[in-house]
Amino acid sequence: MTVYWLCFILFLTGLYGVITRRNLIKIAISLSVMEFSCFLFLALIGYREGGVAPIVDMADPVKTYVDPLPQAMVLTAIVIGLATTAMLMAVIIRIYRKYGTFDIREIKNLRG
Amino acid sequence: MMNPLIPLLVAVPLAGAFLIMILGRFITGVPRIMALATLLLLAFISFWLLITGGAASSVYTLGGWEPVDGVPIGLYLIHDGFSALVLCIISLIGLLSVIYSISYMARYTSENYFYSLFCLMIAGMNGVVLSGDIFNIFVFLEISVISSYALVAFGVEKNELEATLKYQVLGAVASFMILFAIGFIYWSAKTLNIADIRVVFGEGGQGPHYILIQILLLTGFGLKAAIIPFHAWLPDAHSSAPSPISAMLSGVLIKAVGIYVIIRLFFNMFEITVGMAILITTLGALSMAAGVFLAIGQWDIKRLLAYHSISQMGYVIMSVGIGMILMARGIRSEVAALAITGGIFHMLNHAAFKGLLFLNAGAIEYSAGTRDLREMGGLARSMPFTSATSLAASLSISGIPPFNGFFSKLIIIVAAVMGRFYLLAALAALVSIITLASFMKFQRYAFYNTEPGKIQKEIREVPLPMLLSMVTLALICLLLSLLALPGIRETVLSPATDILMDQMKYSSQITGM
């Protein structure tokens with residue numbers, strides 16, 4: 001049970017970082033921490049005590065297998081996470097070129 | 001029997017997006033023609049499915065994996081009364097936005113990227129609406145929102161970048177909450193199919209995380225739908241995007257990936273509980289009231305319209321929430337049906353009139369070069385068509401007969417009174433009056449001012465493609481009010497209400513039990 005709690009704490013750490021950090025790069029890193037806590041959680045769900053990779057062996061058909069579906073989900077989610085992070089970094093670089101700063105307090109054109 | 005047209009709704013725009021990207025590099029003029037052809041085909045397919053499908057739901061199993069002992073395996077695409085309506089508004093508003101973009105996007109560069117991302121966004125939204133599998137909803141959701149992040153930033157100036165940054169950070173937090181909730185669902189229910197999850201939850205396998213799952217999903221999709229405590233990104237993102245994209249974001253995206261999914265999950269996946277229903281109704285009423293008060297002080301046209309989107313989505317959420325409360329208590333189910341019908345009807349109407357209003361705002365910006373209401377004046381003389389269509393849309397959003405907004409707001413208020421939610425009914429009427437005041441300000445300052453305003457250059461009416469899509473949407477605003485008539489209402493809106501009202505129908509038709 002402890003690992004699940006640690007995983008949840010990792011998620012909350014990422015959320016705390018997104019809320020409190022002022023540097024855009026650090027916000028992006030915090031988002032990645034949140035993202036990877038989700039992946040870790042999905043991988044933990046699929047884990048079975050003493051399980052092996054789910055390739056059915058005809059000689060010994062009653063082995064314990066780990067659940068392959070969350071692993072497939074994690075793979076898909078990693079690809080999506082890559083796209084999100086790449087997009088975010090591209091925007092942050094563009095912002096640095098326009099505003100000359102990574103400080104989120106300086107970036108406040110839009111109000112009201 | 002599987003309907004082979006259903007997967008085309010996702011496959012056609014996806015193929016279109018990549019072909020535009022490849023062919024657009026070599027041949028100029030191809031992107032707009034291909035985008036137009038893609039959206040025309042999509043509009044044809046979705047209306048064909050609405051007319052022929054009617055009340056019946058059809059299920060398409062990808063790869064032909066049939067259920068084993070009533071447990072669905074593989075991926076399902078489900079087309080029923082509710083998703084048919086949302087698919088129709090996606091392709092219709094998408095088609096008109098593409099026609100509008102032909103002239104509007106001429107001042108931007110990289111035409112092929114624009115149309116490619118546009119088709120990708122449509123593919124994602126269609127996928128979210130059709131998918132019968134919670135993880136696939138997440139995947140398609142990400143496809144559509146990542147392309148919308150890029151489209152919001154399309155101008156790559158200071159404001160656009162700031163808006164897209166806020167949108168992306170909040171959108172990413174929402175996505176991870178949804179992913180976390182999906183993990184919990186799989187942990188408790190050991191399945192990802194919405195219909196199967198419903199069966200498992202119904203048999204008491206709710207697990208200890210049931211409330212947490214609901215709260216995480218409501219927060220995640222609430223952020224995508226910009227319900228009031230989660231609304232901070234919407235006014236920036238929707239006002240900074242190019243106008244046809246604003247029309248798509250406000251008119252369709254927040255509904256397809258936000259409101260639609262919330263309604264679908266809370267009716268067809270979870271069992272409705274009184275506590276959750278009251279929470280949803282409260283959030284809806286809060287958005288409705290706070291959105292309009294934030295809107296009335298705005299001077300930037302597109303920000304004003306963006307805040308009104310929050311308020312109008314509040315109407316939809318509130319009226320669906322009233323239906324949920326009545327259903328959870330098991331009383332007056334005909335009033336619950338009326339409230340849900342009103343909510344769905346208002347969602348369709350909002351797509352039409354808010355899409356039109358953003359296109360009008362784009363037309364004003366195109367001709368006058370400003371979005372500030374205080375700098376405009378007397379545009380009614382120089383831009384007669386824009387002025388007339390925006391008057392139609394303003395009357396529609398303020399709820400003046402014979403436009404569509406009147407009928408849906410009337411249904412919502414009548415349902416609230418019949419369900420004995422007198423306070424909510426009064427609030428809905430009050431918000432409608434403030435909406436009218438705010439749009440009178442818009443009309444007065446932009447079009448019917450006698451002062452010439454501060455614009456130096458000569459103002460002309462916008463080119464023909466832009467006029468065509470605005471006039472078509474104004475006609476749709478009028479025609480949609482026909483849906484309130486008895487006879488037409490039963491054939492179009494009732495299948496959508498039935499699938500939400502009948503708690504087990506959605507899952508029984510998929511699991512085959």
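Chain B is built from 21 helices and two strands. The model is predicted, and the predictor scores the complex with an ipTM of 0.94 and a pTM of 0.93. For chain B, the mean pLDDT is 88, with 98% of the residues at 70 or more. Among the elements of chain B, helix H5(B) has the highest mean pLDDT, 93, while helix H21 (residues 505–511) of chain B has the lowest, 76.

**Overall form**

Let's start with the chain as a whole. Along the principal axes, the C-alpha atoms of chain B fill a box of roughly 70 × 60 × 45 Å. The radius of gyration of chain B is 22 Å, which agrees with the value near 24 Å that a compact globule of 513 residues would have. Buried residues account for 62% of the 513 residues in chain B. If you take the contacts in chain B between residues at least 6 apart in sequence, 80% of them join residues at least 24 apart.

The largest nonpolar core has 227 residues. Those with the most contacts inside this core include Ile89(B), Met125(B), Leu356(B) and Cys477(B). Helix H13 (residues 333–368) of chain B gives the most to the core, with 22 residues.

Cys477(B) is a handy place to look around. Setting aside neighbours within four places in sequence, Cys477(B) is in contact with Ala352(B), Phe353(B), Leu356(B), Ala392(B), Ala393(B), Ser396(B), Phe403(B) and Asn404(B).

Helix H4 (residues 111–130) of chain B is worth a look too. From its first C-alpha to its last, this helix of 20 residues reaches 29 Å, close to the 28 Å expected at 1.5 Å a residue. H4(B) is largely enclosed by the rest of the structure, because 19 of its 20 residues are buried.

Arg381(B) and Gly291(B) both sit in helices, the former in H14 (residues 379–382) of chain B and the latter in H11 (residues 274–296) of chain B. How many other C-beta atoms lie within 10 Å of Arg381(B)? There are 10, so Arg381(B) is exposed. Gly291(B), by contrast, counts as buried because 27 C-beta neighbours lie inside 10 Å. Leaving out neighbours within four places in sequence, the contacts of Gly291(B) are Ile228(B), Tyr307(B), His308(B), Ile310(B), Ser311(B) and Gly314(B).

Each of these residues also has a C-alpha separation to report:

| Pair | Separation in sequence | C-alpha to C-alpha distance |
|---|---|---|
| Arg381(B) and Tyr186(B) | 195 residues | 60 Å |
| Gly291(B) and Ala306(B) | 15 residues | 9.1 Å |

**Where chain B meets chain A**

Finally, the interface. The contact between the chains takes 28 residues from chain B and 29 residues from chain A. On the side of chain B that touches chain A, the elements giving two or more residues are helix H5 (134–152) and helix H6 (158–189) of chain B. Which of them provides the largest share? That is H6(B), with 17 residues. By residue type, this side of chain B divides into 18 nonpolar, five polar and five charged residues. H5(B), which is one of the two contributing helices, is also the element of chain B with the highest mean pLDDT.

How values were computed
Residues numbered from 1 in each chain as written. Chains lettered and ligands numbered in written order. Predicted model: local features only at pLDDT ≥ 70, side-chain atom pairs only at ≥ 80, totals over all residues. Contact = placed C-beta atoms within 7 Å. Helix = DSSP H or I, 4+ residues; strand = E, 2+ residues; numbered from the N terminus. Nonpolar A, V, L, I, M, F, W, Y, C, P; charged D, E, K, R; others polar. pLDDT = per-residue confidence, 0-100. Expected span 1.5 Å × (residues − 1). Buried ≥ 20, exposed ≤ 12 C-beta atoms within 10 Å, placed from the backbone. Core = buried A, V, L, I, M, F, W, Y, C linked by C-beta atoms within 7 Å. Rg over C-alpha atoms; globule rule 2.2 N^0.38 Å.
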